[in-house]
Amino acid sequence: MAARGRPTSQAATGDRPRFRDRPPEDYRNPEANPFVQSHRSFGPELLTADDAWQSRGAWGALFGREAPLHVEIGSGNGFFLAALGTQRPDINVLGIELRYKRTVLCGRKIREAGLQYAKIARYHAAYLGDLFDPGSLSALYVNHPDPWPKDRHEKHRLIARWFLEDAVRLLQPGAVFRLKTDFLPHIEEALASIDGLPLSVTGRSDDVNGRGVPWGADIETNYQRKFAVRGLPVYALELTRG
Ligand SMILES: C[S@@+](CC[C@H](N)C(=O)[O-])C[C@H]1O[C@@H](n2cnc3c(N)ncnc32)[C@H](O)[C@@H]1O
């Protein structure tokens with residue numbers, strides 16, 4: 001399924017989610033994707049979209065402790081999520097991932113790493129405002145968002161002005177948004193979109209695989225590895241909320 005950007009027609013209501021689980025029986029062939037069912041019964045590391053909505057604004061209670069909340073969008077196979085949770089036992093880590101199979105792969109990574117304070121939720125990145133209160137995030141990460149390279153698909157790109165406006169609303173003052181990508185237009189779009197927003201560039205690298213990230217230690221992601229192996233560039237940008 002293609003990942004979509006925020007459909008402009010759907011306004012926030014505050015009292016109901018803009019992204020919901022479809023029950024397996026709603027699918028014409030419920031057996032076609034076994035992860036539709038298995039992601040629902042995975043265990044405490046994995047939240048369905050409905051679970052995530054139930055925990056909105058109450059993430060400390062869900063994790064069982066109040067701690068800085070770091071959110072990764074599009075966690076894929078969960079390499080970054082599990083490594084971040086392992087490196088930072090002082091934070092609560094939540095991944096947001098659209099695809100059923102990938103939520104299960106993330107859940108497995110979290111479980112294998114024995115992490116109590118990391119979870120993956122199935123939700124759509126266009127609706128982060130459903131789940132998080134303004135100013136409640138201590139960090140937001142996007143690693144290798146889908147590029148949508150064709151001009152006619154540009155509207156599907158995650159890195160756009162609307163997403164940075166959401167980031168501004170959700171991040172605490174002083175919190176960071178960190179982007180790594182193999183697609184330079186994502187960096188250019190982010191830089192072009194911050195005009196007038198309280199976001200400033202606090203780090204940039206055009207050669208992550210050679211010179212590393214412009215913030216402490218890097219955590220290599222699955223997609224990043226594929227580009228490194230092929231000798232292709234990976235770019236990084238850090239924006240800090242004023
Ligand atoms: C190119 S993969 C990168 C995966 C991983 N971050 C990495 O670096 O290896 C992009 C990921 O973003 C997820 N994704 C795409 N659109 C999304 C959306 N609107 N909300 C949440 N996740 C999304 C995809 O399902 C996929 O797992």
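In the predicted model, strand β6 (residues 171–181) pairs with strand β8 (residues 235–241) in the antiparallel sense, through 6 bridges. Within this pairing, Phe-177 lies opposite Leu-239 of β8. Strand β8 is also joined to strand β7 (residues 199–205); these two strands run antiparallel and are linked by 6 bridges. Here, Gly-203 is the residue that stands opposite Glu-238 of β8. In total, 10 helices and 8 strands were assigned to the chain.

The overall dimensions were examined next. Along the principal axes, the C-alpha atoms fill a box of roughly 45 × 40 × 35 Å. The radius of gyration of the chain is 17 Å; because a compact globule of 242 residues would have a value near 18 Å, the chain agrees with that expectation. Of the 242 residues, 36% count as buried. Contacts between residues at least 6 apart in sequence were also considered, and 78% of them join residues at least 24 apart.

The interior was then described through its nonpolar residues. In soluble globular proteins, nonpolar side chains tend to be buried together. The largest nonpolar core of the model holds 54 residues, of which Leu-81, Leu-137 and Leu-140 touch the most other members. When neighbours within four places in sequence are left aside, Leu-81 is in contact with Glu-72, Ser-75, Val-93, Gly-95, Cys-106, Lys-109, Ile-110, Ala-118 and Ile-120.

Conventions. Residues are numbered from 1 along each chain as its sequence is written. This is a predicted model: local features need pLDDT of at least 70, side-chain atom pairs count only at pLDDT 80 or more; totals for chains, interfaces and linings use all residues. Two strands pair if DSSP finds at least two bridges between them. Helices (H or I, at least four residues) and strands (E, at least two) are DSSP runs, numbered from the N terminus. The radius of gyration is taken over C-alpha atoms; the globule rule is 2.2 Å times the number of residues to the power 0.38. A residue is buried if 20 or more other C-beta atoms lie within 10 Å of its own, exposed if 12 or fewer, and partly exposed in between; C-beta atoms are placed from the backbone. Two residues are in contact if their C-beta atoms, placed from the backbone, lie within 7 Å. A nonpolar core is a set of buried Ala, Val, Leu, Ile, Met, Phe, Trp, Tyr and Cys residues joined through C-beta atoms within 7 Å.
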